[in-house]
Amino acid sequence: MSTSQIAFLKGHGTENDFVIVPDPGNAIDLPASVVARLCDRRAGIGGDGLLHVVRSAAHPEAQAMAAEAEWFMDYRNGDGSIAEMCGNGVRVFAHYLLRAGLVEEGDLAVATRGGVKRVHLAKDGSITVSMGRRLLPEEQVTVTVDGRSWPARNVNMGNPHAVAFVEDLAHAGNLYAAPEFTPAAVYPDGVNVEFVVDRGPRHVAMRVHERGSGETRSCGTGACAVAVAAARRDGTDPALTGSPVTYTVDLPGGTLVITEHPDGAIDMTGPAVIAAEGFLDPAWLETVIG
């Protein structure tokens, strides 16, 4: 990585926060150690993850999607590991592109490791992301925290989730460490675990442990997984009823609205905010690179 002046921004979607590094030509090397330091809340800028903004044609993992989506969201977890997708991250990513004058209001395609995501930037500032179709792997899963265990619905939103319905969100514990899950073979690369309580008809609240990041204030793909699991539990599965179903999902950082369609496609609507922008200090960056 060059230690010349590198621009960054800080943004969040329902308080799921990200360091944003614009790099259209994919000229900036971001090893895991540097990403982890940038996301460190005491030693760096601080964030649940990092959004590396790259033109699809410039990134080897996204070149095949370049004809469909000009921009690639090279997403990293807070520990520097690479992730397939981040729902809140896509909204913040799209909001950045609009703010930077790189796209206009209306429809937008964003390339991710989880495939091309369709985004709608509304005039009122809300952003809807077509999250793709949910998958429902058949494996039965159990999650455990502090000696309590619950059955969990296995949902894949381009990344893996285990959704457990509990009586009290406090039962999830502090979520600093990843909840235990069995059988381990179901999630060989780890899993995002959601704990869910009811708030009212088609209205739930959740907490989440995101693999590689710990507990976060919000998780977009997690909220989608929760709505999918709730619809099966409540008997409102759109694949069976033939009608879309919408759930309001409260997270510690705000509220997302999730709609599942009969074909299994999921839409997520919520806000996105850019809070700050600046440049990385080259002297500090030299110490990070070591």
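**Exercise 1. Is Glu260 buried or exposed, judged by its relative accessible area?**

*Solution.* The model is predicted.
Step 1. Take the cut-off: buried means under 20% relative accessible area.
Step 2. Glu260 has a relative accessible area of 3%, so Glu260 is buried.
Step 3. Look for its partner. Glu260 and Arg232 meet through their side chains in a salt bridge, 2.7 Å from N to O.
Step 4. Glu260 sits in strand β16 (residues 254–260) and Arg232 in helix α3 (residues 220–234), so the pair ties together parts that are 28 residues apart in sequence.

**Exercise 2. Work out which parts of the chain the salt bridge of Glu68 and Arg118 ties together.**

*Solution.* 
Step 1. Find the bridge. The closest N and O atoms of Glu68 and Arg118 are 2.3 Å apart.
Step 2. Locate the ends. Glu68 lies in the loop between β3 and β4 (71–77), and Arg118 lies in strand β6 (residues 115–121), so the bridge joins parts that are 50 residues apart in sequence.
Step 3. Glu68 is partly exposed at 45%. Arg118 is also partly exposed, at 39%.

**Exercise 3. Describe the surroundings of His52.**

*Solution.* 
Step 1. His52 belongs to strand β3 (residues 49–55).
Step 2. Read its accessibility. The value is 1%, so His52 counts as buried.
Step 3. List the polar contacts of its side chain. One goes to the side chain of Asp23, at 2.8 Å. Another goes to the side chain of Asp74, at 2.7 Å.
Step 4. Widen the view, leaving aside neighbours within four places in sequence. His52 is then in contact with residues including Val21, Ile28, Leu30, Phe72 and Phe93.

**Exercise 4. Which residues are linked with Lys10 in a network of salt bridges?**

*Solution.* 
Step 1. Begin with one pair. Lys10 forms a salt bridge with Asp17, and their closest N and O atoms are 3.3 Å apart.
Step 2. Check both ends. Lys10 is buried, with a relative accessible area of 18%. Asp17 counts as buried at 10%.
Step 3. The network links Lys10, Asp17, Arg41 and Asp48.

**Exercise 5. Examine both ends of helix α5 (residues 282–289).**

*Solution.* 
Step 1. Go to the start. A side-chain oxygen of Asp281 comes to within 3.0 Å of the backbone nitrogen of Ala283.
Step 2. Go past the end. Gly290 follows α5, and its phi is positive, near 75°.

Key:
Residues numbered from 1 in each chain as written. Predicted model: local features only at pLDDT ≥ 70, side-chain atom pairs only at ≥ 80, totals over all residues. Heavy atoms only, no water. Helix = DSSP H or I, 4+ residues; strand = E, 2+ residues; numbered from the N terminus. Buried < 20%, exposed > 50% of the residue type's maximum accessible area, 1.4 Å probe, protein only. Polar contact = N/O pair within 3.5 Å; in protein donor to acceptor, adjacent residues only side chain to side chain. Contact = heavy atoms within 4.5 Å. Salt bridge = Lys/Arg side-chain N within 4 Å of Asp/Glu carboxyl O.
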